Amino acid sequence: GGVVKCTVQNVGCYNFSGKEKLTTLRLHKEGGRSSGWEVRSAVESIGGTDTVKDKINQDRGFASLPSEGEDVGLFGVFDGHGPNGQDASKMLAEEFVPKLQKSLENHFAGRGSKNVLDVVSKEFVSADAGMTSRDEYQMSGATGTITCLMGDSVLCAWVGDSRAVVGSANQTGGIVATHLSNDHKPNRPDEKIRIEKAGGEVRQAGFMDSYSGPMRVFKPGEQFPGLAISRSFGDESGKKVGVTVLPELSVLKLTSEVRCIIICSDGVWDEMSADEVVRMVMTFSAEMDAKGAAQTLCNEARRRWINARRDGFGNIDDITAVVVMLKEREEGWIR
């Protein structure tokens with residue numbers, strides 16, 4: 001009972017301007033881990049609605065536990081957009097994730113590059129190249145936010161605005177929500193500068209002095225591509241005006257206070273704060289009920305979308321949540 005205080009904080013991010021910081025990064029202790037983690041994960045998704053046309057759920061969440069003899073677990077969300085967005089997110093989840101997981105396994109085992117940013121960005125670029133070479137991804141694509149659980153750390157790599165947070169319980173009974181990602185929006189100051197240097201224009205959609213909605217990326221003087229994100233997979237038309245697939249990375253050391261990792265599409269974050277999301281999920285942490293947490297989270301986000309549109313107008317976005325419950329154990333991974 002009682003009100004539990006929730007503190008929201010951020011971790012530092014790394015991109016190519018800070019590349020040297022990750023040159024010798026290892027997400028496991030030298031000589032092996034002193035402890036492991038019991039892990040329970042669940043993926044829940046509710047398709048959105050469109051008042052004009054039939055709506056296909058373009059989100060794809062995933063949870064990929066370590067393969068035999070390995071220690072790398074990947075969890076995340078792809079949020080597709082455009083006419084072929086559902087194909088983009090499906091392909092990324094089914095083809096890109098296994099390749100990334102294998103590359104990270106090699107990295108952490110000392111079998112590949114010592115620079116984890118190089119390892120991750122190479123796989124992001126490779127997946128994107130396979131998409132942008134195809135006509136169906138000229139005006140379609142997907143965001144991607146992936147967390148990698150390895151040893152005593154969690155790494156997050158992302159493009160777009162699907163968001164990842166970590167929930168912790170501190171010694172005084174407070175709850176802490178830590179952001180692992182920082183949305184790639186066109187009006188984020190550093191992203192806006194980068195896009196404009198690449199020849200793109202950041203503004204709202206509209207014409208004849210009538211503009212509305214979120215800031216988007218356009219070809220100067222044109223009405224396309226109109227992306228409301230500044231980094232993504234696919235979207236070949238956007239790549240010509242500053243949109244990129246190069247990810248940002250963050251790294252957080254796991255402690256015994258950590259209880260969960262939560263990755264959601266913007267269908268959740270548009271209606272709920274990190275504080276609210278972590279509070280809700282933490283009520284399921286004692287039993288490590290990842291499925292119950294993910295279902296409750298999606299249902300609450302959906303309820304809020306509906307309540308905000310009581311007049312029956314307006315679309316409801318796809319809603320996806322991936323919940324990873326953690327408990328420190330001496331014996332390591334338990335499935």
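This is a predicted model: local features need pLDDT of at least 70, side-chain atom pairs count only at pLDDT 80 or more; totals for chains, interfaces and linings use all residues.
Q: Is serine 181 buried or exposed?
A: Its relative accessible area is 5%. Buried means under 20%, so serine 181 counts as buried.

Q: Which backbone nitrogen does the side chain of serine 181 reach?
A: Leaving out residues up to four places away in sequence, serine 181 touches Cys156, Trp158, Ser162, Arg163 and Ala164. The side chain of serine 181 comes to 3.0 Å from a backbone nitrogen, and that nitrogen belongs to alanine 164.

Q: How far apart are the end C-alpha atoms of helix H1 (residues 85-108)?
A: H1 has 24 residues, so at 1.5 Å a residue it should span 34 Å. The model agrees with that: the end C-alpha atoms are 32 Å apart.

Q: At which residue does H1 bend by about 35°?
A: A proline, proline 98, follows the bend within four residues. The bend itself is at phenylalanine 96.

Q: How far apart are the end C-alpha atoms of helix H2 (residues 116-132)?
A: With 17 residues at 1.5 Å each, H2 should span 24 Å. The distance in the model agrees, at 24 Å.

Q: Which residue caps the N-terminal end of H2?
A: Look for a side-chain oxygen 3.0 Å from the backbone nitrogen of leucine 117. That oxygen belongs to asparagine 115.

Conventions
Residues are numbered from 1 along each chain as its sequence is written. Side-chain values use heavy atoms; hydrogens and water are left out. Buried means under 20% relative accessible area, exposed over 50%, partly exposed in between (1.4 Å probe, protein chains only). A polar contact is a pair of N or O atoms within 3.5 Å; within protein, one must be able to donate a hydrogen and the other to accept it, and residues adjacent in sequence count only if both atoms are side-chain atoms. Contact means heavy atoms within 4.5 Å. Helices (H or I, at least four residues) and strands (E, at least two) are DSSP runs, numbered from the N terminus. The expected span of a helix is 1.5 Å times one less than its number of residues. The bend at a residue is the angle between axes fitted to the seven residues ending there and the seven starting there.
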